[in-house]
Structure formats: structure tokens, C-alpha cells
Amino acid sequence: MQSLKGRFRRSAEGRADPAPSRLKYRLQRWMLTPGIRFGLRFGVPLCLVLAAGSAYLADEGRRDTLQGLVNDARAAIQERPEFMVKVMAVDGAGTSVAQDIREVVPLDFPVSSFDLDLEQIRDVITGLDPVKSASVRIRPGGILQVDVEERQPALIWRSREGLALLDETGTHVAELGRRSLHPDLPLIAGKGAAGHAAQALRLFAAAKPLGPRLRGLVRIGERRWDLVLDRKQRIMLPAENPVRALERVLAVSEVQDLLERDVAAVDMRLAGRPTIRMSENAVENWWRIRQLNGGGQ
């Protein structure tokens with residue numbers, strides 16, 4: 001029995017310990033972390049590939065060859081027939097505006113759609129005075145489609161530079177050679193008049209009862225309007241609430257025929273004290289009547 005115990009003890013004492021050392025255990029645990037496993041699986045191969053690529057591209061001749069292959073491949077795709085734009089169509093614009101658009105967008109067709117900057121083309125077109133808005137797109141069949149909304153002239157502005165057409169916001173539309181080309185549009189004049197186009201249109205709307213007697217509006221001192229009628233009559237409007245002042249004058253004129261008399265100007269600049277200035281003939285007649293009355297007394 002004792003001999004068996006001795007043999008068992010020796011066998012147990014001579015067996016190697018299967019447990020790893022502390023350093024080996026820590027190394028195994030470190031290798032099992034997700035970051036290290038990911039780095040070994042993907043990071044190391046990626047670094048090797050980058051190193052090999054850098055070594056290959058270090059030679060200038062190799063770089064030029066590779067760049068040429070890339071350019072040839074890109075050109076082969078971009079210049080395919082289905083990607084080529086062959087013509088430009090302009091809709092919504094008159095003949096002159098369409099011609100201006102073709103001049104400011106000088107494209108040499110056919111051109112690849114990859115070489116077209118549609119946003120830049122749209123910005124160039126909307127930079128034209130007669131163009132209010134525009135949209136640019138490529139239609140099937142290789143057509144560069146340009147849809148334009150033109151500004152509609154609403155006023156004629158007479159300035160030192162000549163006559164110009166303005167839209168309802170006062171934006172310049174085009175130069176005008178002669179007034180007779182747009183006899184139906186109202187006329188404004190004076191420095192700074194274009195900046196108050198919306199107010200001018202409201203005044204013209206209120207002055208419709210005057211009919212053909214209305215000649216236009218003149219901006220005075222860049223702060224107020226004078227309404228000009230035939231027979232050199234003027235209605236001098238205030239800077240504040242000019243439409244209401246004009247409506248008061250028209251109401252009085254409708255009842256008392258104010259503007260049908262020998263009146264040179266109706267001054268409404270002071271709302272509490274409107275003033276009427278008679279024409280020279282009326283003043284002369286008044287003095288003549290006064291002298292006759294004085295001589296007869």
C-alpha cells in the first residue's frame with residue numbers, strides 16, 4: 001500500500017503544470033480583444049496593401065501610366081452616345097431673349113452631360129435682366145432644356161440715361177428706344193423712382209378715373225411723388241399715404257370739378273392744409289376782375 005502511494009506521488013510531482021504563465025495569459029487575453037482582432041484581420045492587410053501601392057506609385061512613370069488609364073476609362077464612359085447633349089432648347093422666352101441666352105451660354109455641341117454644370121448655367125441665365133426665373137435640365141434624347149419665365153414690363157422709367165422698362169418690382173427689364181413702343185405702360189420719372197415702383201403702380205390704379213388726362217408720376221427729392229396731368233396740372237402728393245391723399249383730391253374733383261378748373265397745382269403735402277395754386281391765366285383774370293370792381297366802386 002505504501003509503495004502504491006509513493007508511486008502516485010511521484011507521478012503527480014513529475015507531471016507538467018498545464019496552466020499558462022502570467023505573461024502568456026495576459027498576451028492571450030490581449031489578443032482576444034475586439035480591437036486587436038479587427039486590427040490583425042483588416043488593419044495589417046490594409047497597411048501592407050498601402051505600402052505596396054505607395055512603393056508602386058513612387059515611380060513617376062507608373063503614376064502617369066495609371067492616370068492615363070483612369071482618364072481613358074472615364075472618357076470612354078462619359079462620351080458614350082447616351083450621355084452626349086446635342087442641342088439646347090429654350091422655351092418661354094421671346095426671340096431676342098432666347099438669342100441672348102444662347103450668347104451667354106456658348107456651348108460647343110455635342111458635349112458630355114458630365115461636363116455641364118447645370119446650376120452655373122441657370123445662374124448665368126437668371127443674370128439677364130429680362131429673365132425672372134429659369135430652370136435647366138437634360139431631357140432624354142440629348143437635349144439641354146431651358147425653361148424661362150420672362151419679366152413682364154409694368155412701367156416706363158425716364159431717367160438721365162434714357163427710357164427703360166421696369167417690372168412690377170422696379171427691376172430693370174430692358175432699354176426702351178421710344179415711348180411710342182409701349183404707349184399703354186404708365187410713365188415714371190425722377191431719381192430713385194425705380195425703387196418705389198410698387199407704390200407708383202398703386203397710385204396709377206387709384207388715378208384710373210383721370211383716364212387719358214394722366215401723363216405720369218415724377219419722383220421729387222427721392223421722397224415723394226407729383227402726379228402730372230395734361231394742361232400742366234400737378235397733384236403734389238405727400239411722402240406718407242400718397243394714395244389716400246390722391247383719393248381725396250379725386251373725390252373733391254368729382255363733386256366740384258376741381259381739376260376741370262384753371263388750377264395749376266393741388267398741394268396735398270400738408271394733410272391738414274391742402275392748397276390750390278391757380279394757373280397764370282386764372283390769376284390774371286382774377287386781378288383784372290378785382291381792378292374792374294375797384295374802379296367801379
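Mentor: In this predicted model, the part to begin with is an open sheet of three strands, in which the order is S2-S5-S4 and the pairing is mixed. Its edges are formed by strand S2 (87-91) and strand S4 (131-139), each of which pairs on one side only, and neighbouring strands of the sheet are turned against each other by 20° on average, direction ignored. Strands of a sheet pair through backbone hydrogen bonds, either parallel or antiparallel. Here S4 and strand S5 (residues 143-150) pair in the antiparallel sense, over eight bridges, and Val131 is found opposite Glu150 in S5.

Two helices accompany these strands. Helix H5 (residues 95-104) lies across S2, S4 and S5 and runs at about 145° to S2, while helix H6 (residues 118-126) packs on the sheet, where H6 touches S4 and S5 and its direction makes about 150° with that of S4.

Turning to the nonpolar cores, the largest has 29 residues, of which Ile188, Leu217, Trp225, Leu227, Ile235 and Leu246 touch the most other members. At least two residues of this core come from each of several elements, including strand S6 (155-159), strand S10 (214-220) and helix H8 (242-256), but H7 gives the most, with five residues. Leu217, if residues up to four places away in sequence are not counted, touches Leu187, Ile188, Ala189, Ala200, Leu203, Phe204, Trp225, Asp226 and Leu227. Another core, of 18 residues, lies apart from the largest one, and among its members are Met88, Leu116, Ile125 and Leu128.

Definitions and conventions. Residues numbered from 1 in each chain as written. Predicted model: local features only at pLDDT ≥ 70, side-chain atom pairs only at ≥ 80, totals over all residues. Heavy atoms only, no water. Pairing = 2+ DSSP bridges. Helix = DSSP H or I, 4+ residues; strand = E, 2+ residues; numbered from the N terminus. Axes fitted to C-alpha atoms, helices over the stretch in contact; angles between N-to-C directions. Contact = heavy atoms within 4.5 Å. Core = buried A, V, L, I, M, F, W, Y, C linked by side-chain atoms within 4.5 Å. Buried < 20%, exposed > 50% of the residue type's maximum accessible area, 1.4 Å probe, protein only.
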